[in-house]
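Here is a short briefing to read with the model open beside you.

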Amino acid sequence: MAAKNPDANPNRVFKNFIGGKWVDSTSGKSRPNLNPADTRQPLGVAPQSVAADAEAAVAAAKAAYKAWRKTPAPRRGAIMVAASRIMERRKDEIVHMLVAEEGKCPSEAGGEVQRAINAMEFLGGEGRRMNGETIPSEMPRTFAYTVRQPLGVVGVVTPWNFPVCIPVWKIAPALVAGNTVVFKPATDTPLCAQLVTQVFADAGAPRGTINLVLGSGATVG
């Protein structure tokens with residue numbers, strides 16, 4: 001008989017994060033999130049979201065983009081630094097859940113989470129390095145220069161094998177640069193995705209700047 005996993009919780013229900021709120025999928029369908037070391041031990045239930053959920057997340061991100069792009073870059077960077085501090089405080093919890101959900105050994109999981117913390121801290125500093133350039137012009141009395149502008153709504157689709165640091169590597173630079181995000185993680189790691197999203201939200205990312213949609217790549221991605 002397999003040893004009971006203290007993290008097994010078939011009643012844990014994961015949700016999408018859209019417009020600053022944790023919400024159910026409009027599909028009403030779900031799938032079990034299983035411990036890969038023993039698939040008889042569920043870690044919770046994740047929604048099987050549909051295109052309508054992704055569209056709602058895009059709409060929320062688009063609405064938030066108008067104000068977020070005008071937020072001074074150093075302020076956006078300060079939120080990333082705050083996120084790094086929050087993840088540092090919650091590191092043991094995140095490592096523990098990463099081991100349970102994705103299957104890494106504790107030492108490798110700890111290294112992954114630490115890399116995510118380091119990335120957020122570094123990218124927070126990028127908020128003060130959004131530099132353009134001045135360029136010598138061939139025309140008299142002409143001042144030539146470049147400035148950086150955000151792209152808009154960014155889709156972040158990530159794999160299962162590094163479910164903490166890869167999302168951070170994509171979400172943090174997108175946010176610092178003034179973009180808003182719709183995050184679609186791998187279907188096998190909704191718990192890690194929820195923890196990462198909560199860190200950014202708790203750090204002060206405004207409503208709609210980061211959105212999470214759980215579901216398959218074929219349907220949601």
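Is α5 mostly covered or mostly uncovered? Helix α5 is mostly covered, with 9 of its 12 residues buried. Please keep in mind that this is a predicted model.

**Helix α5**

- The buried residues of α5 are C165, I166, P167, V168, I171, A172, A174, L175 and V176.
- From first C-alpha to last, the 12 residues of α5 reach 16 Å, close to the 16 Å expected at 1.5 Å a residue.
- Just past the end of α5, you will find G178 with a positive phi of about 100°.

**The nonpolar cores**

- The largest nonpolar core holds 45 residues, and those with the most contacts inside it are M87, V113, V164, V168, I171 and F200.
- At least two residues of this core come from each of α2, α3, α4, β7, α5, β8, α6 and β9.
- The biggest contribution to this core is that of α5, which gives 8 residues.
- Beyond its neighbours within four places in sequence, I171 is in contact with V156, V181, F183, F200 and I210.
- Another core, of 8 residues, lies apart from the largest one, and I18, A54, A61 and V182 are among its members.

**Helix α1**

- Helix α1 (residues 51–68) has 18 residues, which should span 26 Å at 1.5 Å a residue; its end C-alpha atoms are 25 Å apart, so the two values agree.
- Buried in α1 are D53, A54, A57, A60, A61, A64, Y65 and W68.
- Looking down the axis of α1, you would see these buried residues fall within an arc of 150°, so they line one face of the helix.
- E55, K62 and K66 are exposed residues on the face of α1 turned away from its buried side.
- The packing partners of the buried α1 residues are β1 (16–18), α2, β7 (153–157), α5, β8 (180–184) and β9 (210–212).

**Helix α4**

- Helix α4 (residues 106–126) has 21 residues and reaches 31 Å between its first and last C-alpha atoms, close to the 30 Å expected at 1.5 Å a residue.
- A109, G110, E112, V113, A116, I117, A119, M120, L123 and G124 are the buried residues here in α4.
- Those buried α4 residues pack against α2 (73–89), α3 (91–102), α5 (165–176) and α6 (190–202).

**Strands β7 and β8**

- Strands β7 and β8 run parallel and are joined by 5 bridges.
- The covered face of β7 carries V154 and V156, while V153, G155 and V157 are on the uncovered one.
- In a regular strand the side chains alternate between the two faces of the sheet.

**Cysteines**

- How many disulfides does a search of the whole structure find? The count is 0.
- C165 counts as buried because its relative accessible area is 0%.
- C192 is also buried, because its relative accessibility is 1%.

Definitions and conventions:
Residues numbered from 1 in each chain as written. Predicted model: local features only at pLDDT ≥ 70, side-chain atom pairs only at ≥ 80, totals over all residues. Heavy atoms only, no water. Helix = DSSP H or I, 4+ residues; strand = E, 2+ residues; numbered from the N terminus. Expected span 1.5 Å × (residues − 1). Buried < 20%, exposed > 50% of the residue type's maximum accessible area, 1.4 Å probe, protein only. Contact = heavy atoms within 4.5 Å. Arc of directions from axis to C-beta. Core = buried A, V, L, I, M, F, W, Y, C linked by side-chain atoms within 4.5 Å. Disulfide = S-S within 2.5 Å. Pairing = 2+ DSSP bridges.
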